[in-house]
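New notebook page. I want to go through this fold piece by piece and write down what I find.

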Amino acid sequence: VTLLILYSFHQPWVSALRWRFKKLNKGQKQQYIENLDQMSKDYSAMFVASFSNMSVKEMIQFRTEIRNNEGVTKISKNNIVKIFINKTEDKKGLSEFLSQQKLLIFTNNPVGTAKVCKKFEKDLKKLSAEAAFFDNTLYTKDDIAKVATLPSLDEIRGKIVGLINAPASKLVRLLQRPDQEIISILQNKKD
């Protein structure tokens with residue numbers, strides 16, 4: 001069971017969705033932390049993004065694009081996320097980025113997710129990826145911007161296929177060329 005905790009009502013989409021803030025008891029908090037822990041095992045990367053004044057439409061569009069890039073988004077209380085982050089030594093650096101309202105993004109495609117975050121930051125100026133953790137490394141906002149410029153996995157695959165096919169097509173052209181020259185010479189002799 002995934003719990004969604006919203007603690008700030010100044011976001012238009014929060015009030016539009018009519019989520020009600022409820023205090024969680026200790027068991028519910030523990031279950032939520034276990035859920036975050038399971039998600040960090042299921043996904044290879046985690047992003048922390050700040051957002052403000054996003055409309056319902058913008059948030060749905062953002063979540064859809066994240067989902068298309070093998071990810072999920074979670075909004076939760078920073079106190080609970082800090083407990084989750086501090087459970088493992090390697091993620092402790094993320095806790096400094098947890099102030100104000102934050103969005104957690106779990107993904108198996110960090111390059112695609114970085115590109116989506118960068119696109120929304122550029123277009124809307126309402127969302128910004130603050131930090132990311134993948135490959136056992138903490139990435140800052142500047143590092144995420146660099147990751148966003150990398151080619152996607154599909155683009156890399158296309159380039160590899162092109163490189164593999166290029167020598168073969170050159171070889172075929174070279175093998176066909178002498179035949180064409182001989183035919184041309186024979187045509188000239190005939191005339």
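Predicted model: local features only at pLDDT ≥ 70, side-chain atom pairs only at ≥ 80, totals over all residues.

**Entry 1: helix α4.** Which residues of helix α4 (residues 78-85) are buried? I looked them up: Asn78, Ile80, Val81, Phe84 and Ile85 are the buried ones. Next I looked down the axis of α4: these buried residues fall within an arc of 160°, so they line one face of the helix. What do the buried residues of α4 pack against? I found α2 (26-42), β1 (45-51) and β3 (102-107).

**Entry 2: α2 against α4.** I followed up on one of those neighbours. The axes of α2 and α4 are 10 Å apart, and the helices pack at an angle of about 55°. I noted their crossing as right-handed. On the α2 side, the contact is made by Lys29, Tyr32, Ile33, Leu36, Asp37 and Ser40. On the α4 side, I listed Ile80, Val81, Ile83 and Phe84.

**Entry 3: the sheet.** In what order do the five strands sit? I read it off as β2-β3-β1-β4-β5, an open sheet with antiparallel pairing. The edges are β2 (71-75) and β5 (137-140), each pairing on one side only. From one strand to the next, the twist averages 20°. I then zoomed in on β1 and strand β4 (residues 127-134), which pair in the antiparallel sense over seven bridges. One detail I jotted down: Ser50 has Ser128 in β4 as its bridge partner.

**Entry 4: helices on the sheet.** Helix α3 (residues 56-68) lies across β1, β2, β3 and β4, and runs at about 140° to β2. Helix α5 (residues 110-124) also packs on the sheet, where I saw it touch β1, β3 and β4. The direction of α5 makes about 165° with that of β4.

**Entry 5: α3 against α5.** How do these two helices pack? I got an angle of about 155°, with the axes of α3 and α5 9 Å apart. The cut-off is over 145 degrees, and α3 and α5 are therefore roughly antiparallel to each other. Their crossing is right-handed. From α3, the contact uses Glu58, Gln61, Phe62, Glu65 and Ile66. From α5, I wrote down Thr113, Val116, Cys117, Lys119, Phe120 and Leu124.

Notes. Residues numbered from 1 in each chain as written. Heavy atoms only, no water. Buried < 20%, exposed > 50% of the residue type's maximum accessible area, 1.4 Å probe, protein only. Helix = DSSP H or I, 4+ residues; strand = E, 2+ residues; numbered from the N terminus. Arc of directions from axis to C-beta. Contact = heavy atoms within 4.5 Å. Pairing = 2+ DSSP bridges. Axes fitted to C-alpha atoms, helices over the stretch in contact; angles between N-to-C directions. Parallel < 35°, antiparallel > 145°, perpendicular 65-115°, else oblique. Left-handed = near helix turned anticlockwise from the far one by under 90°.
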